[in-house]
Amino acid sequence: MTAESVHESTRPMPAVPADGSAPGPHGTRLLSGWFTTGRAADLTDHLDRYGPLPLDRARRGHASPLINAVEEAGLTGRGGAAFPTARKLQAVADGRGAAVVVANAMESEPASAKDATLLELAPHLVLDGIALAARAVGAREAHLCVARTRQHQVHELHAALAERERRRVDPLPVRLHELPHHYVSSEESALVRWLNGGDARPLSTPPRPFEKGVGKRPTLIDNVETLAHLALIARYGPAWYREAGTPDAPGTTLVTLGGAVRHPGVYEAPMGAPIGRLLAHGGGPSEPLSAVLVGGFFGSWLPAEQALPTPFTKQDLAALGAGPGAGVLVALPQRACGLAETASVLAFLARNGAQQCGPCRFGLPAVAEDFAALAFGRLDPDGLRRLERRVGLLAGRGACRHPDGASRFAATALRTFAADVERHLHHGPCPAVHHEPVLHVPTGSVPGPDEWR
Amino acid sequence: MALTRSNEQSLRLDRIACEGHGACAELLPELLSLDEWGFPIVHSATVPPELAAHARRAVAACPVLALRLERARP
């Protein structure tokens, strides 16, 4: 995400209805400072608002009050997998020897801007989360990984870290790292591999990073939004955290709304709200919708009438073959061609694999090519059957989940846009393929072998 | 029961190391096949005792050591 698009996503946002579902100003938590002051929080703002770092609550081990609080709060990871954060904390705390904490701010998902927005508006909540998590798991090292392409963000974070060092806030220095910015470089084993001196490309697992990660030590890798929520739970406790959201999806979450919504951008919303209500945070649909892309390029297409009433929880979305991902929702207007949008994204995913495993080297490019023929050219029924077979063979056959994500993306497109598939098969491309695409798909070629370090 | 379980073995494929030579599927077609580019599709990772010898041969035949046999995890 460039500084320009961050700026766009953080322009003045409409007030969130104060429906009592969340206790902060305007119902927000992570972004409450922004709503109050209208500017990014520096360390003085941050300490005035939240008080000092409650390090005493973050003792290591089984009796760690912080891990217990995170468990009771029901916090789940905001990087895409929605894994219970307390379980990961405990696994690393139980590991042998000094642990390592890695905060993941890579945000390689092109449709997401929430991590960059959070780091710009409330960097000290994230940095508090790193310090608290490090204490809770007994870490002697803490790393913050960002994309090398975001020099504005790097500059701001260096300044924030310097300010904390000057005022002796952190018990442990946080090392800021600039990694190559590729789609799969945000995957957790890619961070470990890079921090260990290798390429920012995924590794075969097991061992998982929590068992053997940076320097072969137990390593906690959490998304930066997850760590910011943790910093608030450490201060205000699990009961406060659960005042927002639903019992099975507590708290708030950052979402990036895009496509045909009146005010695209990053919003903070209660977890578990129906997708239609989340879109309403951005002013609602700007025109009639055909589908919603849930979870970004690593996500799923759902028909609009199915998506809008569905609660934004891992369980409700799983029942539809989708997941919350990193909180991306893109509203597709009826005038757009879902097949053309999908073909562009699949071409991006094919270019942006790590080029390590068979499915990403051969299967995914073949799927992208078939899909392009379906969307923009001609594909006969035999070609469609071949495409469906190839899509089915991507999942579960790579070292990381990149081919799985591409498979789900393609499969849900074929299902959601089934009527369009029939029309394209029999009549060729629809007129909408010539319109400007709704999804902004980055261009660029396959990274060279020397571009991963 | 516990004894027989611990003797069960499972296949583990290193997808990054694999170069698609295809020897494994040749020697163990009961559990593995190849996609159209010659990369393995694992139909079942659990190796039944009667296939253990074939599985060992498939592992030994991989020129890049991408296939391993592990004791099945309970």
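Predicted model: local features only at pLDDT ≥ 70, side-chain atom pairs only at ≥ 80, totals over all residues.
**Entry 1: domains of chain A**

I looked up how chain A is divided. Domain 1 runs over 3-245 and domain 2 over 338-434. I then checked the spacing of the two. Their C-alpha centres lie 34 Å apart. The contact draws nine residues from domain 1 of chain A and seven residues from domain 2 of chain A. I sorted the domain 1 side of chain A by class. Four residues there are nonpolar, three are polar and two are charged.

**Entry 2: the main core**

Next I went to the nonpolar cores. The largest has 144 residues. I looked for the residues with the most contacts inside this core, and found Val101(A), Ile130(A) and Val292(A). Helix H7 of chain A, residues 123-137, gives the largest share, 10 residues. Where does this core lie relative to domain 1 and domain 2 of chain A? Both domains give residues to the core, so it lies between them.

I followed up Ile130(A). I left aside its neighbours within four places in sequence. Ile130(A) is then in contact with Val101(A), Ala103(A), Ala142(A), Leu144(A), Val174(A) and Leu227(A).

**Entry 3: Phe312(A)**

I picked one residue in a loop. Phe312(A) sits between helix H12 (304-307) and helix H13 (314-318) of chain A. Is Phe312(A) buried or exposed? Phe312(A) has 27 other C-beta atoms within 10 Å, and the cut-off for buried is 20 or more. Phe312(A) is therefore buried.

I listed its contacts too, not counting residues up to four places away in sequence. Phe312(A) touches Met271(A), Gly272(A), Ala273(A), Ile275(A), Leu278(A) and Pro324(A). I also took one distance. Phe312(A) and Arg277(A) are 35 residues apart in sequence, and their C-alpha atoms are 9.7 Å apart in space.

**Entry 4: the sheet of chain B**

I turned to chain B. Three of its strands make an open sheet, ordered E4-E1-E5, with antiparallel pairing.

I checked the pairing of E1 with E5 in chain B. Strand E1, residues 9-13, pairs with E5(B) over five bridges. Within that pairing, Ser10(B) has Glu70(B) as its bridge partner.

Helix H3 of chain B, residues 52-61, touches E1, E4 and E5 of chain B. The direction of helix H3 makes about 140 degrees with that of E5(B).

Notes
Residues numbered from 1 in each chain as written. Chains lettered and ligands numbered in written order. Domains from an automatic or database assignment. Contact = placed C-beta atoms within 7 Å. Nonpolar A, V, L, I, M, F, W, Y, C, P; charged D, E, K, R; others polar. Pairing = 2+ DSSP bridges. Helix = DSSP H or I, 4+ residues; strand = E, 2+ residues; numbered from the N terminus. Axes fitted to C-alpha atoms, helices over the stretch in contact; angles between N-to-C directions. Core = buried A, V, L, I, M, F, W, Y, C linked by C-beta atoms within 7 Å. Buried ≥ 20, exposed ≤ 12 C-beta atoms within 10 Å, placed from the backbone.
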